[in-house]
Amino acid sequence: MEKTKLRKTLQDQLKKMSKPEYEHLSYKIAQNLFSTSLWQEAKVIGITISRAPEVDTYQIIRKAWEENKQVVVAKCEPQKRTMHFRVLTAFEQLERVYYGLYEPIVEQTLKVEKEKIDLLIVPGLAFTKSGYRLGFGGGYYDRFMVDYQGNKVALAFPLQLLDDLPIESHDIPVRQIVTTEEIISIHE
């Protein structure tokens with residue numbers, strides 16, 4: 001199945017989740033993430049602000065703040081099709097941008113170099129157990145991860161795990177996939 005159709009199918013399936021189910025499964029995924037050594041050892045967490053039906057990242061951000069971790073949030077630059085990360089210390093530092101996404105307000109946040117990010121939580125619509133992902137189609141994370149040396153983790157609802165995906169030469173796998181039931185470690 002081509003990527004565009006696959007994206008639509010997956011988004012439709014994810015949207016069928018009820019709010020209580022979405023909240024419960026997101027909570028279970030977050031708890032599993034917090035149990036990993038990658039999370040426990042990380043001091044700077046790179047993350048996006050989720051919007052349903054993506055796994056909820058608000059609770060993950062709150063937990064990072066509670067544990068005195070630095071939270072850095074993706075800021076896309078659509079003209080260049082690149083992104084960087086900015087320090088977030090309060091949700092009020094976010095603004096709604098294109099497609100209803102929330103990103104850091106540049107005037108209120110500081111840019112962080114990618115070398116400083118210990119753990120990058122990589123979003124996606126689908127994942128294989130070998131760590132490959134189907135993103136949302138912008139290619140921002142693929143470009144960002146080319147020379148990113150830190151740990152890459154994905155969060156996935158069970159239906160987002162697929163046996164295979166259309167993989168291209170520029171695709172970069174994540175190191176771990178955290179689901180409701182398991183933590184899949186990928187050995188590079």
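**Sheet, rings and a buried glutamate**

In this predicted model, 8 strands form an open sheet of mixed pairing, in the order 6-3-2-1-7-10-11-12. Strand 6 (111-112) and strand 12 (183-185) stand at the edges with a single partner strand each, so one side of each is left without a neighbour in the sheet. Residues are numbered from 1 along each chain as its sequence is written. Because the model is predicted, local features need pLDDT of at least 70 and side-chain atom pairs count only at pLDDT 80 or more, while totals for chains, interfaces and linings use all residues; side-chain values use heavy atoms, with hydrogens and water left out.

**Sheet**

- Strands and helices are DSSP runs numbered from the N terminus (strands: E, at least two residues; helices: H or I, at least four), and two strands pair if DSSP finds at least two bridges between them.
- Strand 11 (residues 176-178) is joined to strand 12 by 3 bridges, and the two run antiparallel; within this pairing, Ile177 stands opposite Ile184 in strand 12.

**Aromatic rings**

- Rings of Phe, Tyr and Trp (its six-membered ring) pair if their centres lie within 6.5 Å, with planes under 30 degrees apart counted as stacked, over 60 as edge-to-face and the rest as tilted; by this rule the count comes to 7 aromatic pairs.
- Among them is the tilted pair of Trp65 and Phe91, at 4.9 Å centre to centre and with 55° between the planes.
- This pair links distant parts of the chain, 26 residues apart, with Trp65 in helix 4 (residues 58-66) and Phe91 in the loop between strand 3 (82-88) and strand 4 (94-96).
- Trp65 counts as partly exposed because its relative accessibility is 23%, and Phe91 counts as partly exposed at 21% (buried means under 20% relative accessible area, exposed over 50%, partly exposed in between, with a 1.4 Å probe and protein chains only).
- Ring pairs also link Phe85, Tyr141, Phe144 and Tyr148 into a cluster.

**Lysines over rings**

- A charge sits over a ring if NZ of Lys or CZ of Arg is within 6 Å of the ring centre and within 35 degrees of the ring normal.
- Lys63 lies over the face of Phe34 at 5.5 Å from the ring centre, and Lys69 lies over the face of Trp39 at 5.3 Å.

**Glu77**

- Glu77 has its place in strand 2 (residues 70-77) and counts as buried, because its relative accessibility is 19%.
- The side chain of Glu77 makes a polar contact with the side chain of His84 at 2.5 Å (a pair of N or O atoms within 3.5 Å; within protein, one must be able to donate a hydrogen and the other to accept it, and residues adjacent in sequence count only if both atoms are side-chain atoms).
- Not counting residues up to four places away in sequence, Glu77 touches Thr82, Met83, His84 and Tyr140, where contact means heavy atoms within 4.5 Å.
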